[in-house]
Amino acid sequence: MDNSTVSEMPAASEEISDETVRELLGMSEEDFNYLLNEISGKISRRDTFMRKAFTAKERLIVTLRFLATGESFMALASLYDISASSIRTIIPEVCECLIKALKRYVQSNCHGYLTPATVSRTQSVR
């Protein structure tokens, strides 16, 4: 990754535009906000007197960026100013919440792989 890409990368806590969401995470702002609303209560953490907690939005952005790009935890740490050890904890927690929240949209096959849920013939397909 070149330096221009890193310098243009917004911090996870900054407000991000629809275009930025689409470019960095590969999804619309509407879809991002849907996911955030679905899981924010489960992934939010409280501030302590020792440190400020990462917001649900920050946690979701870092996780989606990882899922979209496969970047290493170290690369994500430098991009979002979150330690690699925190990212190592955040990503599995957020992924677990995403799977639970989106369970109606995916199913696991006999090998444990997730596949799109089948639409019944009585439902209309958009």
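Helices (H or I, at least four residues) and strands (E, at least two) are DSSP runs, numbered from the N terminus. By that assignment, helix α6 is the place of Glu96, and the protein as a whole has 6 helices and 2 strands. This is a predicted model, in which local features need pLDDT of at least 70 and side-chain atom pairs count only at pLDDT 80 or more, while totals for chains, interfaces and linings use all residues. Residues are numbered from 1 along each chain as its sequence is written, and side-chain values use heavy atoms, with hydrogens and water left out.

**Overall make-up**

- The order of elements from the N terminus is α-α-α-α-α-α-β-β.
- The protein has 126 residues, of which 31% count as buried; buried means under 20% relative accessible area, exposed over 50%, and partly exposed in between (1.4 Å probe, protein chains only).
- Contact means heavy atoms within 4.5 Å. Among contacts between residues at least 6 apart in sequence, 50% join residues at least 24 apart.

**Packing of α4 on α6**

- Helix α4 covers residues 56-69 and helix α6 covers residues 84-101; the two pack at an angle of about 85°, with their axes 9 Å apart.
- Axes are lines fitted to C-alpha atoms, for helices over the stretch in contact, and angles run from 0 to 180 degrees between N-to-C directions.
- The angle makes α4 and α6 roughly perpendicular to each other. The classes are roughly parallel for angles under 35 degrees, roughly antiparallel over 145, roughly perpendicular from 65 to 115, and oblique for the rest.
- On the α4 side the contact is made by Arg59, Leu60, Val62, Thr63, Leu64, Phe66 and Leu67. On the α6 side it is made by Ile87, Ile90, Ile91, Glu93, Val94, Cys95 and Leu98.
- By class, the residues of the contact of α4 with α6 are 11 nonpolar, 1 polar and 2 charged. Ala, Val, Leu, Ile, Met, Phe, Trp, Tyr, Cys and Pro count as nonpolar, Asp, Glu, Lys and Arg as charged, and the others, Gly among them, as polar.

- Helix α5 spans residues 73-80, and its residues Leu76, Ala77, Leu79 and Tyr80 are buried.
- Met74 and Ser78 are exposed residues on the face of α5 turned away from its buried side.
- The axes of α5 and α6 come within 9 Å and cross at roughly 110°, which makes α5 roughly perpendicular to α6.
- In this contact, Phe73, Met74, Leu76 and Ala77 of α5 meet Ala84, Ile87, Arg88 and Ile91 of α6.
- The contact of α5 with α6 has 7 nonpolar residues, no polar ones and 1 charged residue.

- Asp81 lies in the loop between α5 and α6.
- Asp81 has a positive phi of about 55° although it is not a glycine.
- Asp81 counts as exposed, because its relative accessibility is 71%.

**The aromatic pair**

- A search of the whole structure finds 1 aromatic pair, formed by Phe66 and Phe73.
- The pair is tilted, at 5.3 Å centre to centre and 55° between the planes. Rings of Phe, Tyr and Trp (its six-membered ring) pair if their centres lie within 6.5 Å; planes under 30 degrees apart count as stacked, over 60 as edge-to-face and the rest as tilted.
- Phe66 is partly exposed at 24% relative accessibility, and Phe73 is partly exposed at 22%.

- Glu38 is partly exposed, with a relative accessible area of 29%. The C-alpha atoms of Glu38 and Leu98 are 60 residues apart along the chain and separated by 8.3 Å.
- Not counting residues up to four places away in sequence, Glu38 touches Ala101 and Arg104.
- Ser40 is partly exposed at 23% relative accessibility. The C-alpha atoms of Ser40 and Val94 are 54 residues apart along the chain and separated by 9.4 Å.
- Glu96 is partly exposed, with a relative accessible area of 45%. Glu96 and Ile43 are 53 residues apart in sequence and 9.9 Å apart in space, C-alpha to C-alpha.
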